[in-house]
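The sequence and the structure are shown below.

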Amino acid sequence: MGITTAKEAAYDPRVLAFGRMMGAANRLEYLLGRALEAECGISHLMFEVLLIVGRAGEAGMSMRAIAQEQVLTTGGATRLVDRMTTHGLVVRSSDPQDRRVQLVRLTAHGEETTVRAARVHVENIQRLFLDPLPADHRERFAQDLRTLSHSARDALPKLR
């Protein structure tokens, strides 16, 4: 028994659930991103890259890994890192093991911006993302999102 009409398609519970998830994600992305821009002067995407590079620590992270992690083209990642370099958030240097690879590291200003933005972001996530949910559902919801995220990540083609 498949979907046979547009109305059935529109009311399929799976389609509705996915649409609600995407609608919530888009609205939250907008609200959380605007707050980061207003209070910290960076976009949400820049904040995500600061977090990714921060996790890598002193070793830094390759442009390819940043692109893969953020589902960007390598050209898109390069343009974003160029803007972040201009803002003094990150620096690039050649990998001592492979001079063809550029490693990205946080600057002191990037570290400070990451911490300041994370404080703002966590407060807004609590208010807009977690507080509306029943307290006893929050942990399971976070686990389910992690499962979905990893499943989708694993289904993506690997960059060459």
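V49 is found in helix 3. The model discussed here is a predicted one. Because its relative accessibility is 1%, V49 counts as buried, the limit being under 20%. Leaving aside neighbours within four places in sequence, V49 is in contact with I66, Q70, L80 and M84.

Not counting residues up to four places away in sequence, T114 touches F47, L50, L51 and L106. G75, by contrast, has its place in helix 5 and is partly exposed, its relative accessible area being 28%. G75 and M46 are separated by 29 residues in sequence and by 15 Å in space, C-alpha to C-alpha. The table collects the accessibility values.

| Residue | Relative accessibility | Class |
|---|---|---|
| V49 | 1% | buried |
| G75 | 28% | partly exposed |

**Overall architecture**

The protein chain has seven helices and three strands. Read from the N terminus, the order of these elements is α-α-α-β-α-α-β-β-α-α. Along the principal axes, the C-alpha atoms fill a box of roughly 60 × 35 × 25 Å. Of the 160 residues in the chain, 27% are buried. The chain exposes about 11000 Å², of which carbon and sulfur atoms supply 57%. Among contacts with a separation of 6 or more, 50% are between residues 24 or more positions apart.

**Nonpolar core**

Which residues have the most contacts inside the largest nonpolar core? They are I42, L50, I66, M84, L89, V90 and V104, within a core of 23 residues. Two or more residues of this core come from each of helix 2 (13-40), helix 3 (44-56), helix 4 (63-70), helix 5 (74-86), strand 3 (98-106) and helix 6 (108-130). Helix 3 provides the largest share, six residues.

The surroundings of V90 can be given in detail. Apart from its neighbours within four places in sequence, V90 is in contact with L50, V81, M84, T85, V104, R105, L106 and T107. Three of these partners, L50, M84 and V104, are also listed among the core residues with the most contacts.

**Largest pocket**

The largest pocket holds about 1800 Å³ of space. It is lined by 37 residues, of which A25, E48, F129, L145 and S149 are the closest to its centre. Helix 2, helix 3, helix 4, helix 6 and helix 7 (138-155) each supply at least two residues of this lining. Which element gives the most to the lining of the largest pocket? Helix 7 does, with 10 residues. By residue class, the lining divides into 22 nonpolar, eight polar and seven charged residues.

Notes:
Residues numbered from 1 in each chain as written. Predicted model: local features only at pLDDT ≥ 70, side-chain atom pairs only at ≥ 80, totals over all residues. Heavy atoms only, no water. Core = buried A, V, L, I, M, F, W, Y, C linked by side-chain atoms within 4.5 Å. Buried < 20%, exposed > 50% of the residue type's maximum accessible area, 1.4 Å probe, protein only. Helix = DSSP H or I, 4+ residues; strand = E, 2+ residues; numbered from the N terminus. Contact = heavy atoms within 4.5 Å. 1 Å grid on protein atoms, 1.4 Å probe; cavity = no way out; pocket = protein on both sides within 12 Å on 5 of 7 lines; lining within 4 Å. Points joined across faces, edges and corners; volume = space filled by probe spheres on them. Nonpolar A, V, L, I, M, F, W, Y, C, P; charged D, E, K, R; others polar. Areas by Shrake-Rupley, 256 points an atom, 1.4 Å probe, with all protein chains shown as cover.
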